[in-house]
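User: I am new to reading protein models. Can we go through the terms used for this one?

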Number of protein chains: 2
Amino acid sequence: MPPGKLHLVPLGGLGEFGMNCMAIRWGDDIIVIDAGLMFPEAELLGVDIVVPDISYLLENRQRVRGIVLTHGHEDHIGALPWVLSELNVPVFGTEFTLAYVEDKLDEHGLLDNADLREIRPGERFKIGPFTVQPIHVTHSLVDCVSLAIHTPLGVVIHTGDFKVDPTPTDNRLFDLHAFAEYGKEGVLALLQDSTNVERRGYTPSERAVRRKFDEVFARAERRLFISCFSSSIHRIKLAVELAAEHGRKVAFVGRSMNNSSEIAEDLGYLEIPDGLLVHPGEVKNFAPEKVCVLISGTQGEPMSALSRAAVNNHKHATIEKGDTVVLSSRIIPGNEKAIYRMIDHLFRREAHVIYEDGSSPPIHVSGHASQEELKLIINLVKPKYFIPIHGEYRQLKLHAELAGSMHGSVGNVMLIESGDVLEFDELGARKAGRVNVGRICIDSGSRADVVEDLVIKDRRHLSEDGFVLPIIAINKLTGRVEISPEIVTRGFSAGENGFMEEVRQVVVQTLSQSSEEERADYGVIKEKIRADLKRYISKQTQKRPLIMPVILEI
Amino acid sequence: MPPGKLHLVPLGGLGEFGMNCMAIRWGDDIIVIDAGLMFPEAELLGVDIVVPDISYLLENRQRVRGIVLTHGHEDHIGALPWVLSELNVPVFGTEFTLAYVEDKLDEHGLLDNADLREIRPGERFKIGPFTVQPIHVTHSLVDCVSLAIHTPLGVVIHTGDFKVDPTPTDNRLFDLHAFAEYGKEGVLALLQDSTNVERRGYTPSERAVRRKFDEVFARAERRLFISCFSSSIHRIKLAVELAAEHGRKVAFVGRSMNNSSEIAEDLGYLEIPDGLLVHPGEVKNFAPEKVCVLISGTQGEPMSALSRAAVNNHKHATIEKGDTVVLSSRIIPGNEKAIYRMIDHLFRREAHVIYEDGSSPPIHVSGHASQEELKLIINLVKPKYFIPIHGEYRQLKLHAELAGSMHGSVGNVMLIESGDVLEFDELGARKAGRVNVGRICIDSGSRADVVEDLVIKDRRHLSEDGFVLPIIAINKLTGRVEISPEIVTRGFSAGENGFMEEVRQVVVQTLSQSSEEERADYGVIKEKIRADLKRYISKQTQKRPLIMPVILEI
């Protein structure tokens, strides 16, 4: 690389939803902003998560000085276990963000060797030739920062995810002053979140949800179940406060909800009065009007606590007639069918279900800036170069058009996608070639060895362990499985005779141990079969074929 | 069946989206209202459409007097080819509805033997013991009716699909007076469309779209592509009118768009000035600002004209920089990813894309009644019994609650689902048992013999013809297929040696004849592979295995 050049190299998240990751390079030094995952599309059967191809970083292994995180959402930190096991560099993040990271690395057995370094908003730190100042911003999660990266060619501001919430629930304000200061001093490039560029006006404050929650607590006559993203600390805090006010005990149900609230409490983002919290198993001992259950699973994920409760298959969370269930989250595109299926089950249990239906006050607000907020930040920062980040292609394009029309505030707009190298020098900026990028599929069913043998890096996976395809014919009407399941395999050497018959028996057993409602919900039943088969096959053969249950309705 | 009883037997559409079909029985006479299809969920790999199980009708074969249609949408008429080939009874519908039905039956070679009988709004007709009065209603399609069915126990009103549009584009008004008359005389039961029960207020008039279309025509500087459901006659009429006003020639692209506009023109719902229409192949001969292309494919269906144009793979529809593409339709849940993928491709061609984004004036309005319209009809009809129809369970439930709170207008509310028998007699109404219902999957790839051997009625299909599962590994980065496809089959006896190698070659050929963009769009490429393989295998072996392409990203 010639001297005097600065490279911005997006490795994910520009032109696709999720998997945010960007390299910034000056000479022989590279820093990485975020390392997120993407949830796979339905087409990627049998794959759990998707992470960015980091060949560019691996080829420059000795140059990578560290990874700086903007906040703790999965699409910004979810690829860390995979990245760190290939490239163990220091990770910089705020206290709360690192708490999520610790939890995640611990799960993967990577924590002991990790070098985690806490950063604080307003406190500059150095990595290689870069000085980085984290700037506190508001978002649906807490302790989020934008990053002002001082490079030899000028300051690059990466917004991370943000909205401009004038009344955050924790009263920690968006640091408009820092953006204003940088704008006055001069900014080389602004990289800004494009997620909500299609929305006019302002995103409502997180506080707007309080009015609806108030109403729900006032009206609920029996048990109250509230589901939100486990990282929605503002939302959890609100529910806990209102539960205390209304004399309801609180139980957390679901692993992610438990972890997340524990972290939030440890770090002072969540105060739970003594005696308020009860174990999920105790819920049944309280009068229905005296409990509030915070439960994971807003997206209808088949194995989540709420999905299981909806089909009456959760040990502790039992939903009965007259109970209230709140889904305080957005419907992520692609999840509609699963979510509405879950809502239908809840209606069948005669629960009152409150979900986002466009009514006001809202039961959910977005964490991302709408058009007026995006323009406000551009006005404050007045960058020479503007680069839209975090979005599908149409969002990047619309964001580029929005900024392109702001002649007083923006010098040039550069529309780049994952893999493009954006080069800056004294003469200006230009696209300068491409690096390898792509999506790596990971099957995280077994958490310990996510990186070693579960990566479907290429066809080798298939030609080594092959696949197992159980085909189940379910009578739509009765929910009965009428004929013995077929097991189709390829490239999977089962070893002993009769093993396929055993596999078939595992499927039969899983089916017979499932309720009628579960069998009617193909998402649930396929996931159960997959989990059970994987456990069995892995134990018996030490192999990890791709397992793809197919349901035929008859 | 004991004398003096009236049975309402929903065979589809109550507790599920689509597949609307209801039997009404008095003694030895049955009439059927609508016979619709459902588009299959992603889980039903390899299946094209889903139709209701009509065993109840087949068991009472000699009692079925006819099928009465409310309007021509697929979820109300799409199962007719399947139903009529099992049970050839008279079909009653309005002129426009029957035109769609003729087209459909003709395709399936069933038209010659069909007994189609035209009905007119306001003109009563008799079927068995029932006298039926069609009542003109407004909806997104033209010539739609509600049905007032005079039975020995009183009048049953089935709304079909409707909204109350005070300013319909064709000036044919919603017949409020007829509903008012029936309300005064007394109505036994009102069966009302639940589709939009979650929406507050009123659904905007179809005329609201005109303002947005006006703006689009005024601003478009180059070619203008407008996509809407081919049955949106109001929308097509509007586009044609504006094209004439703005001096643009009109071309129809896509089979369904062509058929539908031809029918609408024949029947006087659409007037196309002489010389306005040009063949799609001529489009290139006109200056870009002088053409408007009406094109099928709002839902991102992989093989639709618009999806193919978006990846530059349509013979006539070429979308270039600066062209405008309008998607005048709603996003059907489950289609989000496909639609946004198509929109992304259009953005990459640097087209201006106008899609539903919540802005005003709207580019699309719904055809279904919102809460205030539903209440208006209930107020007019004042039924003794109210039964929500057309909706998933939560919608039926919410609709039941809405009607249940209208004490002055509604006697009792009955919440029933597909398969429930609702019995009326002199004493009142009650659920009285269930009949067999369910979903039948049909692979309509080959249209001629949809009913004979393509029905996956049970596992026999699989055990007779088995399945063929081509597995293709595509390099996400390059779009290249790196290794020869695997072909996995089971239960499919290929006959000659080497046949599987030929099958593999078909897949290789399909892949090599596809553009890079097509290969990157798994929806498109899977559909192409499936279509080509089906043709080949069927020709070579006269067999119809289930074909399920699987793409592995590497």
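User: How do you know that the span of helix H16 (residues 522-541) of chain B agrees with its number of residues?

Analyst: First, the ground rules. This is a predicted model, where local features need pLDDT of at least 70, side-chain atom pairs count only at pLDDT 80 or more, and totals for chains, interfaces and linings use all residues. Residues are numbered from 1 along each chain as its sequence is written, chains are lettered from A and ligands numbered from 1 in the order in which they are written, and side-chain values use heavy atoms, without hydrogens and water.

Now the helix. The expected span is 1.5 Å times one less than the number of residues. H16(B) has 20 residues, so it should span 28 Å. Its end C-alpha atoms are 27 Å apart, which agrees.

User: Which residues of H16(B) are called buried?

Analyst: Buried means under 20% relative accessible area, exposed means over 50%, and partly exposed lies in between (1.4 Å probe, protein chains only). Among the buried residues of H16(B) are Tyr522(B), Val524(B), Lys526(B) and Leu533(B).

User: How do H14 (residues 499-512) of chain B and H16(B) pack?

Analyst: Their angle is about 145°, and their axes are 9 Å apart. Axes are lines fitted to C-alpha atoms, for helices over the stretch in contact, and angles run from 0 to 180 degrees between N-to-C directions. Contact means heavy atoms within 4.5 Å. Residues making this contact include Phe499(B) and Val503(B) of H14(B), and Ile529(B) and Tyr536(B) of H16(B).

User: Why is strand S12 (residues 187-193) of chain A called largely enclosed?

Analyst: Because 7 of its 7 residues are buried, the rest of the structure largely encloses S12(A).

User: What makes S12(A) and strand S11 (residues 154-158) of chain A a pair?

Analyst: Two strands pair if DSSP finds at least two bridges between them. Here 3 bridges join S11(A) to S12(A), so they pair; they run parallel. Ile157(A) has Leu190(A) in S12(A) as its bridge partner.

User: Which strands pair with strand S1 (residues 6-12) of chain A?

Analyst: S20 (residues 420-425) of chain A pairs with S1(A) over 3 bridges, in the antiparallel sense. There, Leu6(A) is opposite Phe424(A). S2 (residues 21-26) of chain A is joined to S1(A) by 6 bridges, also antiparallel.

Key. Helices (H or I, at least four residues) and strands (E, at least two) are DSSP runs, numbered from the N terminus.
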